[in-house]
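Here's a quick briefing to read alongside the model. Start with the aromatic residues, then work out to the cores and the sheet.

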Amino acid sequence: MEKLRQVAGVVAPLDRVDVDTDQIIPKQFLKRVERSGYGAFLFNDWRYLTDGSPNPEFELNRPELRDAKILVSGRNFGCGSSREHAAWALHDYGFRAVVAPSYADIFLSNCYQTGIVPVTLPEAQVSELIRRALEGACRATVDLEALEIWSDDGFRVSFELDLFRRRCLMEGLDEIGLTLEHEVDIKRYERERALRPSWVA
């Protein structure tokens, strides 16, 4: 995973609650075996009309949000099925942080494993950030070192993040990366094990 110290960019407001994983990445697109290629289908049923043209009413289709890095949405974001493809689709689209009052537990874990910073803020603060983003182009920074998020137009709040998860995001470590931190010890164990007589006859 890429190392994340800060996520800075345009804030995309998605003023909806209970955004489920089937809306984030509909089931018909879960045919790929790699993590890439899902961004094109992010929020597919909301982004496009039945004829395949962009839905002008959908928030993320606003031209100024095309390169957004931070998604802000309502409570219980990522509910529904446990598909990790939802986090993959958000990441592949370009999002590196999500801000919401609460998340589904499995989706939250998938964010960390994918390299997305899930920021949890009180509903009032989330609503304020959504309001600012809906009024016009809003740029913000999510700072993992300071544990703060601030916008260019004066919004500034602190947030909490599990220290272990924070370290993993800042050092770009997924579960494989964490295991490889012990590569020297693993190789030593394997060498020593090979010298021991097998108990299997």
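**Aromatics, cores and sheet**

F77 and F107 are both buried, where buried means under 20% relative accessible area, exposed over 50% and partly exposed in between (1.4 Å probe, protein chains only). Keep in mind that this is a predicted model: local features need pLDDT of at least 70, side-chain atom pairs count only at pLDDT 80 or more, and totals for chains, interfaces and linings use all residues. Residues are numbered from 1 along each chain as its sequence is written, and side-chain values use heavy atoms, with hydrogens and water left out.

**Aromatic pairs**

- Searching the whole structure turns up eight aromatic pairs; rings of Phe, Tyr and Trp (its six-membered ring) pair if their centres lie within 6.5 Å, with planes under 30 degrees apart counted as stacked, over 60 as edge-to-face and the rest as tilted.
- One of them is F77 with F107, edge-to-face at 5.4 Å centre to centre and 70° between the planes.
- That pair links distant parts of the chain, 30 residues apart: F77 is in the loop between β2 (70–73) and α3 (85–93), F107 in helix α4 (residues 105–114).
- Helices (H or I, at least four residues) and strands (E, at least two) are DSSP runs, numbered from the N terminus.
- Y93 and F95 make a stacked pair, with 5.3 Å between centres and 20° between planes.
- F95 counts as buried because its relative accessibility is 0%.
- F43, W46 and F58 belong to one aromatic cluster.

**Charges over rings**

- The charged end of R16 sits over the ring of W46, 4.2 Å from its centre; the test is NZ of Lys or CZ of Arg within 6 Å of the ring centre and within 35 degrees of the ring normal.
- R156 lies over the face of W150, 4.6 Å from the ring centre.

**Nonpolar cores**

- The largest nonpolar core has 31 residues, and F77 and F107 are among those with the most contacts inside it; such a core is a set of buried Ala, Val, Leu, Ile, Met, Phe, Trp, Tyr and Cys residues joined through side-chain atoms within 4.5 Å.
- Helix α3 gives the most to this core, with five residues.
- A second, separate core of 27 residues includes L121, L147, I149 and M170.

**Sheet**

- Seven strands form an open, mixed sheet in the order β4-β3-β2-β1-β5-β6-β7; two strands pair if DSSP finds at least two bridges between them.
- At the edges are β4 (117–120) and β7 (156–158), each pairing on one side only.
- Strands β5 (residues 139–143) and β6 (residues 148–151) run antiparallel, joined by four bridges.
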